[in-house]
Amino acid sequence: MGHKIQLSREKKGLKHPEAGIYVKKAIKMALKAEGITEPCYISVMLTDNEGIREINREFRNIDRETDVLSFPQNELTPGQFHEEICEKDYESGRILLGDMMISVPKCEEQGKEFGHGFKREIMYLAVHSTLHLLGYDHVDEGEMKAQMRQREKAIMHED
């Protein structure tokens, strides 16, 4: 039994039908790089700017669109994954890591803005969100952010 990445599209007509393939690949890269071999479950919602803005407003009290939102299921320490402290799916036994939501139009916009394209941007955001689900954070400009950025760069170079 391997990882299960449940992908859904909240809005019809989103561009980039290949987005799901990139997201799944990036999540698997991040889990592998972090040494996570236990089967995990992650839910991914692809949406538009308004869809992610609604969730950002509802859960974070921030009334603006963003590129990605992460909702970890467990309280993990970065780089120290312990399966025994994680919630598991009763039926499959997979570790429930959490949920992520990605704005497809925001990925397209940022891919153009940063000059590296849609594929790289959506994969980066999926890696970024997966690291959040594994306990990484960037709440300040200090050590935690530097640690997270270092892991993102290392994982993205594996592609």
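Colleague: What makes S3 and S4 a pair, and is their sense parallel or antiparallel?

Modeller: S3 and S4 are joined by 5 bridges in the antiparallel sense, and because DSSP needs to find at least two bridges between two strands, they count as paired. Within this pairing, Leu-69 stands opposite Met-101 in S4. Strands here are DSSP runs of E with at least two residues, and helices are runs of H or I with at least four, numbered from the N terminus. The model is predicted, so local features need pLDDT of at least 70 and side-chain atom pairs pLDDT 80 or more, whereas totals for chains, interfaces and linings use all residues. Residues are numbered from 1 along each chain as its sequence is written, and side-chain values use heavy atoms, leaving out hydrogens and water.

Colleague: How do you know in which sense S2 and S4 pair, and over how many bridges?

Modeller: Strand S2 (residues 40–47) and strand S4 (residues 95–103) pair over 8 bridges, in the parallel sense. Ile-42 stands opposite Gly-98 in S4, and Val-44 has Met-100 in S4 as its bridge partner.

Colleague: What is the order of the strands in the sheet, and which of them stand at the edges?

Modeller: The 4 strands form an open sheet in the order S1-S2-S4-S3, with mixed pairing. S1 (4–9) and S3 each have a single partner strand, so they are the edges, with one side of each left without a neighbour in the sheet. From one strand to the next the twist averages 15 degrees, where axes are lines fitted to C-alpha atoms (for helices over the stretch in contact) and angles run from 0 to 180 degrees between N-to-C directions. H2 packs on this sheet by touching S2, S3 and S4, with its direction about 45 degrees from that of S3; contact means heavy atoms within 4.5 Å. Helix H4 (residues 117–133) also touches S2, S3 and S4 as it packs on the sheet, its direction making about 25 degrees with that of S3.

Colleague: What kind of aromatic pair do Phe-59 and Phe-71 form?

Modeller: The ring centres of Phe-59 and Phe-71 are 5.4 Å apart and their planes make 65 degrees, which gives an edge-to-face pair. The limits are centres within 6.5 Å for rings of Phe, Tyr and Trp (its six-membered ring), with planes under 30 degrees apart counted as stacked, over 60 as edge-to-face and the rest as tilted. Phe-59 lies in helix H2 (residues 49–60) and Phe-71 in strand S3 (residues 68–72), so the pair ties together parts 12 residues apart in sequence. Phe-59 is exposed at 53% relative accessible area, whereas Phe-71, at 27%, is partly exposed.

Colleague: How many disulfides does a search of the whole structure find?

Modeller: The search finds 0 disulfides, a disulfide being a pair of cysteine sulfur atoms within 2.5 Å. The closest cysteine sulfur to that of Cys-86 belongs to Cys-40 and is 7.3 Å away, which is too far for a bond. Cys-86 is buried, with 9% relative accessible area, and Cys-107 is buried at 0%.

Methods. Buried < 20%, exposed > 50% of the residue type's maximum accessible area, 1.4 Å probe, protein only.
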